[in-house]
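Hi,

Here is the structure I promised to pass on to you.

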Amino acid sequence: MKYLILGTGVAGLTFATYLKHMRKENSFLVLEKEKEAGGLCRSVIVDNAPVDFGGDHFLDVRRPNVTKYLFEFMPEREWDKYIRDSRIALGNMIISYPLEANIYQFPLETQVEYLESIAKAGCNSGQEMPEKFVDWIYWKLGDKIAKEYMIPYNQKMFGDNLNELGTYWLEKLPSVSFRETLISCLTKRAHGENPGHSEFYYPKKFGYGEVWKRMAESISEHVEYDKKVFSIDFNAGTVTTNDGEKYQAEKIITTIPWAEFTEIIGMSEDLKNGIKKLKHTSVQIKYFPENIDTESQWIYFSDPKLPYHRIMNIHGWNKNYNGYWTETRAERVVGELEDGKTSFLNPYSYPLNTIEKPLIMKKLLDWCAGKKVFGLGRWGEHSHHNSDLVVELAMKLAEKI
């Protein structure tokens with residue numbers, strides 16, 4: 001075939017449906033190792049409420065071209081639109097997110113402590129930007145936010161050795177100026193720009209996985225399930241699955257984790273070693289039927305005594321649903337990792353932005369493109385892309401190649 005697509009997550013499904021419906025292309029096939037489509041955005045119904053396998057996935061409103069495209073498969077009337085309400089648990093207080101914009105919600109004495117810390121932060125006092133992750137957090141946010149929230153939270157989410165992470169991806173964090181924080185405290189309201197995902201869509205009657213399920217159904221004759229990729233041969237342009245089937249294509253689009261290839265033929269040892277250095281986290285999603293006394297949809301927890309780093313409150317999205325689910329890095333899970341009923345394990349959840357990653361991925365993707373193999377999406381590009389961005393990238397790649 002012309003195109004062989006590996007994986008039916010957001011990237012693979014968008015690329016495939018765009019070929020079919022927008023480019024009128026039929027010479028393609030999609031391989032999926034699971035029995036259903038959706039990848040990290042799959043959903044299941046537990047206790048009459050949707051639970052998303054990958055945690056809190058939703059459709060951001062920022063990209064009208066993306067929402068317009070997805071509404072072709074699941075019309076806008078089937079979605080509810082929400083204003084994001086996220087909060088942070090610190091001690092015995094629950095503070096609105098982001099913390100630096102809502103310090104006014106603390107008692108006066110605590111506000112002063114935060115203001116003093118922010119005023120001394122390196123980015124506000126003219127110090128040179130450091131290269132190490134932990135040092136950068138102190139430089140950007142000040143000692144108090146770093147020690148009480150950012151450092152312990154990131155350790156819970158990504159691991160204890162935070163300095164193996166780079167700082168190249170942190171520029172999206174908001175600027176924390178002393179002046180803006182002071183104005184916020186004096187006026188008792190958030191000051192500055194809205195954080196990302198300030199508005200989003202979520203299905204009225206289903207989990208987020210419904211839209212991807214419908215996309216897969218629209219190209220059902222082009223999808224093969226229970227096909228776990230075993231090897232890829234760059235010389236022959238072929239992929240072999242664990243059942244011995246071999247597939248050949250003019251162009252291969254891979255959206256699966258690079259570590260999933262047991263055998264790679266025709267690639268240099270240098271590039272293979274780069275793949276081995278890529279790191280990621282695994283997380284458990286666990287459902288609890290109780291309702292929490294809050295209107296917020298997310299609460300973030302930096303307390304190291306709690307195994308999970310955040311909860312997603314489905315009752316805060318839709319009052320017809322009960323319960324919430326926790327997200328916990330696999331290494332911090334106490335007890336059973338997965339029961340398939342109320343707890344689910346994602347072996348691949350978040351790509352880690354390690355110091356070496358940008359160079360590894362640039363060399364890898366550039367070389368692969370020369371061989372007509374294209375990495376796409378969160379795992380094909382090993383980048384923490386949100387679903388709306390992945391859809392946009394997939395549509396652009398489908399137009400380009």
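**Helix 3 against helix 6**

Helix 3 (residues 108–120) and helix 6 have axes that come within 7 Å and cross at roughly 115°. The axes are lines fitted to C-alpha atoms, for helices over the stretch in contact, and the angles run from 0 to 180 degrees between N-to-C directions. Helices (H or I, at least four residues) and strands (E, at least two) are DSSP runs, numbered from the N terminus. Helix 3 and helix 6 are therefore roughly perpendicular to each other (that label covers 65 to 115 degrees).

Before going further: this is a predicted model, in which local features need pLDDT of at least 70 and side-chain atom pairs count only at pLDDT 80 or more, while totals for chains, interfaces and linings use all residues. Residues are numbered from 1 along each chain as its sequence is written, and side-chain values use heavy atoms, with hydrogens and water left out.

On the helix 3 side, the contact (heavy atoms within 4.5 Å) is made by Thr110, Glu113, Tyr114, Ser117 and Ile118, and on the helix 6 side by Asp143, Lys144, Ile145 and Glu148. By type, these residues are three nonpolar, two polar and four charged. Here Ala, Val, Leu, Ile, Met, Phe, Trp, Tyr, Cys and Pro count as nonpolar, Asp, Glu, Lys and Arg as charged, and the others, Gly among them, as polar.

Is lysine 144 buried or exposed? Lysine 144 is buried, with a relative accessible area of 15% (buried means under 20%, with a 1.4 Å probe and protein chains only). Not counting residues up to four places away in sequence, lysine 144 touches Thr110, Glu113, Tyr114, Ser117 and Tyr149.

**The cores**

A nonpolar core is a set of buried Ala, Val, Leu, Ile, Met, Phe, Trp, Tyr and Cys residues joined through side-chain atoms within 4.5 Å. The largest one has 89 residues, and Phe15, Leu70, Leu99 and Trp212 touch the most other members. Helix 6 (residues 143–158) gives the largest share of this core, eight residues. Another core, of 24 residues, lies apart from it and includes Ala249, Phe261, Ile264 and Leu278.

Five strands, in the order 10-2-1-14-21, form an open sheet with parallel pairing (two strands pair if DSSP finds at least two bridges between them). Strand 10 (223–224) and strand 21 (373–375) are at the edges with a single partner strand each, so one side of each has no neighbour in the sheet. Strand 2 (residues 28–31) is joined to strand 10 by two bridges, and leucine 31 stands opposite glutamate 224.

Best wishes

Conventions. Buried means under 20% relative accessible area, exposed over 50%, partly exposed in between (1.4 Å probe, protein chains only). Angles under 35 degrees count as roughly parallel, over 145 as roughly antiparallel, 65 to 115 as roughly perpendicular and the rest as oblique.
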